[in-house]
Amino acid sequence: MKEYSINEPIIKREIERPYQICTCCVMDTSDDDISFDEKGVCMRCNEYKERIEPEWKHGRGHEKELGKLISDIKRKGEGKDYDCILGLSGGLDSSYMLHLAVREWGLRPFVFHIDAGWNLPVAEENIRKITDKLGVELHIEKMDWQEMKEMQLAWFRTGLESLDAPQDHAFIALIDRFSRELGVKYILNGYNISTEIIADPASWGKGAGPTGDGTYMRDVIKKHCSVPIKNYTFTNGFKHKFWIPYVLGVKTVKPLNYVPFTREEMIKTLVDEYGYIPYGQKHFEDLLTKFLEAWWMPTRFGHDIRRAQLSSLVVTGQMTREEALAILENPPASEEECAEMFREIAKRLEISEEELREYHEMGECTEKFRSQEKLYNFGIRLYEKLGIEKRIRK
Ligand SMILES: [Zn+2]
C-alpha cells in the first residue's frame with residue numbers, strides 16, 4: 001500500500017493551477033471550484049463571516065425561535081405516536097440531536113437506524129447506550145446485504161468518487177417513506193454550522209447525481225449491477241423536494257443551529273451522560289465510509305475530507321489554523337490500518353484484492369448517467385423566483 005500518496009493521486013487534476021491554501025481556513029486548490037480574494041481568503045470563509053456568522057451568532061440568542069419550533073412540533077404531533085423523525089447513525093451529530101430532542105426538549109421522535117452492513121462495533125454500542133438510557137424505541141432498518149453488496153460493487157465499477165451513494169440514498173429514501181407512512185410533520189436533521197459549515201466541495205462529487213436522485217441511482221444499477229435490485233427503497237427529486245415538503249407539509253428542520261455548543265462540548269455531554277465512546281474522525285463509525293475517507297479518496301483523488309471538517313472548526317473558533325495544519329500533516333489512519341481495511345472490504349464484497357485494486361487504479365469516470373439534475377436546477381430557479389427557499393439543493 002506504500003506506493004500510494006495523497007500528493008500523487010491516481011486521478012490527475014484536470015485543471016492545472018498553482019497550489020494555494022486559504023489564509024484563514026485550511027481549504028486549498030484540491031477543490032477545483034475554490035476562489036480567493038486579494039488577501040488569500042477563500043470564498044467560503046468570506047461567506048461565513050459576511051452572511052452566516054452574523055445570523056447564526058454561534059447558536060446564541062435563538063431561544064424564541066427554538067421555543068416556537070418545539071411547541072409547533074409538539075402541537076402538530078398531538079394524538080400521533082411520534083411528533084418527529086430522527087435518523088440515528090451512531091455518529092456525533094445525530095446522537096447529540098437525539099439527546100437534546102428527548103432529554104432537553106421533551107420531543108417524541110421516531111428513531112431509526114439503517115444497518116447497511118458496514119457498521120463498526122463502536123456505532124452499534126453508542127446507539128444502544130443512548131437509546132437505552134433515554135428509553136426510546138429504536139427501529140432498525142436492516143438492508144438486504146446481497147443487494148447492498150451488489151450496489152456497492154456497481155458504484156466501484158463506475159470509477160466515481162461518490163461511493164457512499166447506496167447508503168446515502170437509502171437514508172433519504174427511508175426518511176421520505178417514514179414521513180409518509182407515519183404522518184409526522186417534522187424531520188430533525190443533525191446538520192449544524194458549528195462543525196459542518198465548510199461543506200465537502202461539490203467538485204469532489206463530479207459525475208454523480210444528487211443524493212435524492214432516483215433516476216441516477218437506477219441508471220448506475222442498470223449499467224453496472226449484475227443482479228436486479230428489488231428490496232431497496234428509492235426516492236426521487238419530485239417526491240423528495242416537492243411532494244413531501246410542499247404537498248404533505250413535512251418540514252426538515254435543523255435545530256442544532258439554535259443552540260450554542262462546540263464539538264468538544266458535544267462529546268463531553270455524550271460521554272458523561274451515556275458513556276458514549278468517541279471514535280475520532282467524523283464518519284469513522286462506518287467501515288466503508290472510514291475506508292473511503294481515510295484512504296480511497298486521498299490516494300485515488302487527492303482529496304482529504306478532513307480539510308473541510310477542520311476548516312469548520314477553525315472558522316468557528318474551535319481550533320487554530322496551525323492546529324488544523326498539524327493534524328493534516330499525518331494521514332487519517334495508519335498504513336497498517338488502511339491495509340487491514342482494504343483486505344476486509346474486498347472480503348466483505350466477495351471480490352479479490354486484485355479486483356478492488358483495479359477499481360482503485362482505474363481512470364476517471366467518463367460515463368454519463370441519467371439524472372434529474374435538470375429538474376433539480378429548474379426547481380431551484382423556480383423556488384428562488386417564488387421566494388420559497390434560498391437553496392434547496394442540500
Ligand atoms: Zn477559507
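The sections below describe the model and selected contacts.

## Basis of the model

The model is predicted: local features require pLDDT of at least 70 and side-chain atom pairs count only at pLDDT 80 or more, whereas totals for chains, interfaces and linings use all residues. Residue numbers start from 1 along each chain as its sequence is written.

## Packing of α3 and α10

Helix α3 (residues 92–104) and helix α10 (residues 263–274) have axes that come within 10 Å and cross at roughly 65°. Helices are DSSP runs of H or I with at least four residues, numbered from the N terminus. Axes are lines fitted to C-alpha atoms over the stretch in contact, with angles from 0 to 180 degrees between N-to-C directions.

On the α3 side, L92, S95, Y96 and H99 meet M266, I267, T269, L270 and E273 of α10; contact denotes C-beta atoms, placed from the backbone, within 7 Å. By class, the residues of this contact comprise five nonpolar, three polar and one charged.

## Nonpolar core

The largest nonpolar core contains 82 residues, and C25, C84, I85, L86 and A101 have the most contacts inside it. Such a core joins buried Ala, Val, Leu, Ile, Met, Phe, Trp, Tyr and Cys residues through C-beta atoms within 7 Å. Leaving aside residues up to four places away in sequence, C25 touches C42, C45, I198, S311, V314, V315 and R321.

T158 belongs to helix α5 (residues 145–158). T158 counts as buried because 20 C-beta neighbours lie inside 10 Å, the criterion being 20 or more other C-beta atoms within 10 Å.

Beyond residues up to four places away in sequence, T158 touches V220, H224, C365 and E367. T158 and V220 are separated by 62 residues in sequence, with a C-alpha to C-alpha distance of 7.8 Å.

Technical notes:
Helix = DSSP H or I, 4+ residues; strand = E, 2+ residues; numbered from the N terminus. Contact = placed C-beta atoms within 7 Å. Nonpolar A, V, L, I, M, F, W, Y, C, P; charged D, E, K, R; others polar. Buried ≥ 20, exposed ≤ 12 C-beta atoms within 10 Å, placed from the backbone.
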